[in-house]
Amino acid sequence: MDFGTIAGLVIALFLIALGVGFNLGPLYDAPSVAIVFGGVFGAMFIGYPAKTVTGIFKVMGKAFKPPKVDNVGTIDVLDKFSEKARREGLLSLEAEIAQIEDAFLKKGLQMVVDGTDTELVKNILDNELGAMESRHAAGKGLLKYGATMGPAFGMIGTLLGLIIMLGNLSDVSSLGPNMAVAIITTLYGSLLANVFFDPMANKTEYYSGLEINNRELIIEGILSIQNGDNPKILKEKLKTFLNPIDAKKMTEQEGA
C-alpha cells in the first residue's frame, strides 16, 4: 500500500475542510455535482472505449499499490542463473525455472532453455514490454483526460449558473442558488483535476517507469545468459539499470 498517496489525499482534503472551518454543508450542490461529474464521465465515454472508462477506478487504484519491483533481487537471480549456465550449460536451468515467481522472467528463461533463437527471444519480450507500456499509457491518458475535462465542465457549470442567474434577476430568491451553481462547479472541477486525476496520473506513470525499467533489465540479463557472457560482465551491465543508491550499495556489498 502506498501510504504517500493516502497521506496526500488526507492532507489535501483536510486542509480544504479546515479552510472553510469544517462547514461543508454550503459546499454541496446537487446540480453542480451532476454537471461536473456527469459531464466528465460522459466526455470520457465519448473519448474512450466503454471498457477503458469502466476500468478507471482500477487504474486509480494503482496509485495506492506500488508494483512489486526488486531490481537488486532480480540481478542476483540472473547472476546465479548465469553462473550455473556457464558451469553446467543452459539446460541445467530448467529445473530451477519453475521456482521463479516473475512470469516475465520465467517466460524469457524458458525460451532460452528451449533453444529459441536470440533475436526471436528479444522480439517476443520486447513486444510484451511494448504491450504493457501501451496499457499503462492508456490508463494514464484516461486520467489526464479527466484532469482536463474537470475544470472544463466546471467552467461550463459556471456559465450555466450565470446565464440562469442573469435571466432571473427579477427573482431575488433564485440568485443565491444560481450563484452557488456558478461558483461551486468550478470548485468541483478543480478538485477533481488537481487532487485526484492529475496526481494519480503522475503516480501511475512513475510506477509504470519502475516496471518498464525492471523488464528492460530482465531482457538484458536473459540475452546475456543466452550469449554466454561472463557473470561479472552481466552484473556490471545490469547495475546500470539501478538507481545510484542501490548501485552503490551493491558495489559495497561485493567489495565486502
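Which element gives the largest share of the lining of the largest pocket? Hi everyone, the answer is H8, with seven residues.

A quick word on the model first. It is a predicted one, where local features need pLDDT of at least 70 and side-chain atom pairs count only at pLDDT 80 or more, while totals for chains, interfaces and linings use all residues. Residues are numbered from 1 along each chain as its sequence is written, and side-chain values use heavy atoms, with hydrogens and water left out.

Now, the pocket. By pocket I mean an open set of points on a 1 Å grid over the protein atoms alone, where a 1.4 Å probe fits, with protein on both sides within 12 Å along at least five of seven lines; lining residues have an atom within 4 Å of a point. The largest one has a volume of about 620 Å³, that is, the space filled by probe spheres set on the points, which are joined across faces, edges and corners. Its lining has 23 residues, and Lys58, Val59, Lys62, Arg135 and His136 lie nearest the centre. Two or more lining residues come from each of H3 (50–54), H4 (56–61), H8 (118–167) and H9 (172–227); helices here are DSSP runs of H or I, at least four residues, numbered from the N terminus. By class, the lining has ten charged, seven nonpolar and six polar residues. Charged means Asp, Glu, Lys and Arg; nonpolar means Ala, Val, Leu, Ile, Met, Phe, Trp, Tyr, Cys and Pro; the others, Gly among them, are polar.

Last, a helix pair. H5 (residues 71–88) packs with H10 (residues 231–239) at about 160°, axes 9 Å apart. Therefore H5 is roughly antiparallel to H10, a word for angles over 145 degrees. Axes are lines fitted to C-alpha atoms over the stretch in contact, with angles from 0 to 180 degrees between N-to-C directions.

How values were computed. Angles under 35 degrees count as roughly parallel, over 145 as roughly antiparallel, 65 to 115 as roughly perpendicular and the rest as oblique.
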